[in-house]
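Okay, thanks everyone, let's get going.

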Amino acid sequence: MPTPITVPKNDLSYIGKTVTVTVDRPIGAAHPKHPGLIYPINYGYVEGLLAGDGEEQDVYVLGIDKPVDKTEVVIVAIAMRTDDDEDKWIGVPADLVGTDLCCECNIAKAIEFQEQYHTYELYAKYEKTCGAVIYCDISDNTQGRRYFLIKNRSGHIGFPKGHIEYGETERETALREVYEECGLKVTLAENFREEYTFTTLEDTIKTSVFFIGKFDKADAVKIQQEEVIGDWLLDYDAALAQLNWEQDKEIFRKAETFLHSEK
């Protein structure tokens, strides 16, 4: 029998790897020490890999809605417990990698039934943010359209956006984030949704989704000082020049084209 491999705490090297999970606590099973705790998802371990507690590495299995004995999953997140010797891995079937199931808010909700009794930091490979290209009309023609841009503390100049929260739709997240960051209530256009995906400095894969939102020129802007360090209300050409990510410029061009077609 091969010598077991010990996985150090906070080890992210297994993120993205496929492992075979032996499920010893399937959906509907009771916790062996706490019978009142019923598993709403499959939970098991990887044979031959030892966690910090000396036991085989545990894995939460998401995306399979029936009890299973053994399954292959891709590790997409790790719950790094700060009050325990072991971490917990989170895996999904290969065809669900990168879907909303892998977003931090959905993972946190899925493992809450057990992790609520621990303190942990969740590293999730996949993130999703939602926001909007927002504008107001100061006259009745397209030359009177003004776009609102913000600058966050990282130096990124773009559109208000933020992480999706559990139970929210993309549009609900966009509305909430615009209001939180700018104090503006916008009306989102129908039939416009664009996105881009990139890899962050923390090596996570982030998808940013954008809508178009219109606000009234008389509305008062209330900037979220903790996150936003600059803001502008500009015409199209000036706004395009101010944006400092090419991905945002492409979204912006598509938004302008869409609004012209709506006139």
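Before the strands, one bit of bookkeeping: when I say two strands pair, I mean that DSSP finds at least two bridges between them. Strands themselves are DSSP runs of E with at least two residues, helices are runs of H or I with at least four, and both are numbered from the N terminus.

Also, please keep in mind that this is a predicted model, where local features need pLDDT of at least 70 and side-chain atom pairs count only at pLDDT 80 or more, while totals for chains, interfaces and linings use all residues. Residues are numbered from 1 along each chain as its sequence is written, and side-chain values use heavy atoms, with hydrogens and water left out.

So, on to β9. Which strand does β9 join through six bridges? That's β15, residues 228-234, and the two run antiparallel. If you want a spot to look at, find Phe-148, which stands opposite Leu-233 in β15. Then there's β8, residues 126-137, which pairs with β9, residues 145-152, over four bridges, again in the antiparallel sense. Here Tyr-135 sits opposite Tyr-147 of β9. And β10, residues 157-158, is joined to β9 by two bridges, also antiparallel, with Lys-151 facing Ile-157. β9 and β10 make a hairpin with four residues between them, and in that turn Gly-155 has a positive phi of about 95°.

Okay, next stop: Cys-102, in the loop between β6 (88-92) and α1 (104-115). Buried or exposed, what do we say for Cys-102? Buried, because its relative accessibility is 0%; the cut-offs are under 20% relative accessible area for buried, over 50% for exposed, and partly exposed in between, with a 1.4 Å probe and protein chains only. What does Cys-102 touch, leaving out residues up to four places away in sequence? Val-76, Val-92, Leu-96, Val-97, Ile-107, Ala-124 and Tyr-126, where contact means heavy atoms within 4.5 Å. Ile-90 is twelve residues from Cys-102 along the chain, and their C-alpha atoms are 9.1 Å apart.

Now the charges. Side chains of opposite charge can pair when their charged atoms come close. For a salt bridge, the rule is a side-chain nitrogen of Lys or Arg within 4 Å of a carboxyl oxygen of Asp or Glu. How many salt bridges does a search of the whole structure find? 24.

Let me pick out a few. Lys-128 bridges to Asp-100, with the closest N and O atoms 2.7 Å apart. That pair links distant parts of the chain, with Lys-128 in β8 and Asp-100 in the loop between β6 and α1, 28 residues apart. Lys-128 is buried at 9% relative accessibility, whereas Asp-100 is partly exposed at 38%.

Lys-206 is buried at 15%, and Glu-127 is buried at 16%.

Then Arg-193 and Glu-195 meet at 2.8 Å, N to O. Arg-193 counts as partly exposed at 38%, and Glu-195 as partly exposed at 38%.

Last one: Asp-58, Arg-81, Asp-84, Glu-86, Lys-88 and Glu-115 are linked in a network of salt bridges. That's me done, over to you.
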